Amino acid sequence: QEALPHIDEEFEAEPAKQTTAAAELVLEDEDEAEDEDEALVAELVQLNVSESTARELVKHSDANAIRKWIEALDYSRAQDKAAFLVKALQENWQVPEEYLKAKEEEEQQDRLREAERARQEKQQEEEHHRQREAEKLDRLYESLSSEQRAEIDREAEARTPPLLRKQIAQQRKQGEFSLATTAILRSNRHEVLRTWLKEGKLQA
C-alpha cells in the first residue's frame, strides 16, 4: 500500500513531461522560423533592400512569395531592381510570365531527370536480378552429374539456329569456342535448366 502514492506520482508526472516536450517542440519551430526569416532578410539586403524595409517585408509578406520574387528578379527589366522588388511585394504583384514559364520548364526537366533516374535504377535492378539468377543456374548446372550436363548441353545446342550450329561444330573441332558462342550456349543452357525446373525434372 505504501507503494501506491509513488505510482500516483508517476502518473501525475507523465502529463507534465508531455507538456514540457510539446513546449520544447514549439520553441524549436519558432527558432527555425526565426532563422528562415533572418535568411530572407539577408537575401533582401544583398539585393540592396535596406535592412529595415527587408524586415518589414519579411514580417508582412508571405515567405514563399518573397522567395519567388527574388528568383523572378532575373526576368525583370527594371533598372532599380531593389525598388521594383519592394513595390512588387508591397502591392502583391504577380511574378513575370517569363519566370513562370522558366519554372515550368525547369520542373519538367526535373520530372524527366527523375523518370530517367527511376528507369535506370529499375534497369540496374533487373540486370542484377538476371545476374543473380544466372549465377544460381550456373551453380545448379555444375552440381549435376556429367550425364545430365551432357544432355543439357545437347538440348542447349539444339536450340540454336542451324547456321550457328555449324559454327559451333567448327569451333568444337578447333578446340575453343568464341566468347559470343560461349555466351549463347550459356544462355540456352539456362533456358533448358528453367524448363527442367518447371517440369520437375530438377530441384532448385
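Predicted model: local features only at pLDDT ≥ 70, side-chain atom pairs only at ≥ 80, totals over all residues.
1. Some totals for the chain come next. Of its 204 residues, 21% are buried. The accessible surface comes to about 15,500 Å², and carbon and sulfur atoms hold 49% of that area. Among contacts with a separation of 6 or more, 55% are between residues 24 or more positions apart.

2. The next points concern charge. Side chains of opposite charge can pair when their charged atoms come close. In this chain the count is 15 salt bridges.

3. Which residue forms a salt bridge with Arg55? The partner is Glu38, with the closest N and O atoms 2.9 Å apart. Arg55 lies in helix α2 (residues 51–60) and Glu38 in helix α1, so the pair ties together parts that are 17 residues apart in sequence. Arg55 is partly exposed, at 35% relative accessibility, and Glu38 is also partly exposed, with a relative accessible area of 39%. The pair belongs to a network of salt bridges that links Glu38, Glu51 and Arg55.

4. Glu116 counts as partly exposed at 33% relative accessibility, and Arg119 is partly exposed with a relative accessible area of 44%.

5. Helix α5 also takes part in a pairing with another helix. Glu133 forms a salt bridge with Arg194, the closest N and O atoms being 3.1 Å apart. Because Glu133 lies in helix α5 and Arg194 in helix α8 (residues 179–199), the pair ties together parts that are 61 residues apart in sequence. Glu133 is partly exposed, with a relative accessible area of 28%; Arg194 is partly exposed too, at 36%.

6. The last point is a group of like charges. Where do Glu32, Glu34, Asp35, Glu36 and Asp37 gather? They form a patch of negative charge on the surface. One member, Asp35, is found in helix α1 (residues 4–46). Is Asp35 buried or exposed? With a relative accessible area of 55%, Asp35 is exposed, because the cut-off for that class is over 50%.

Key. Residues numbered from 1 in each chain as written. Heavy atoms only, no water. Patch = residues over 30% accessible without salt bridge, like charges linked within 9 Å, V, L, I, M, F, W, Y side chains within 5 Å. Areas by Shrake-Rupley, 256 points an atom, 1.4 Å probe, with all protein chains shown as cover. Salt bridge = Lys/Arg side-chain N within 4 Å of Asp/Glu carboxyl O. Lys, Arg positive; Asp, Glu negative; His and termini not counted. Charge placed at Lys NZ, Arg CZ, Asp CG, Glu CD. Helix = DSSP H or I, 4+ residues; strand = E, 2+ residues; numbered from the N terminus. Buried < 20%, exposed > 50% of the residue type's maximum accessible area, 1.4 Å probe, protein only. Contact = heavy atoms within 4.5 Å.
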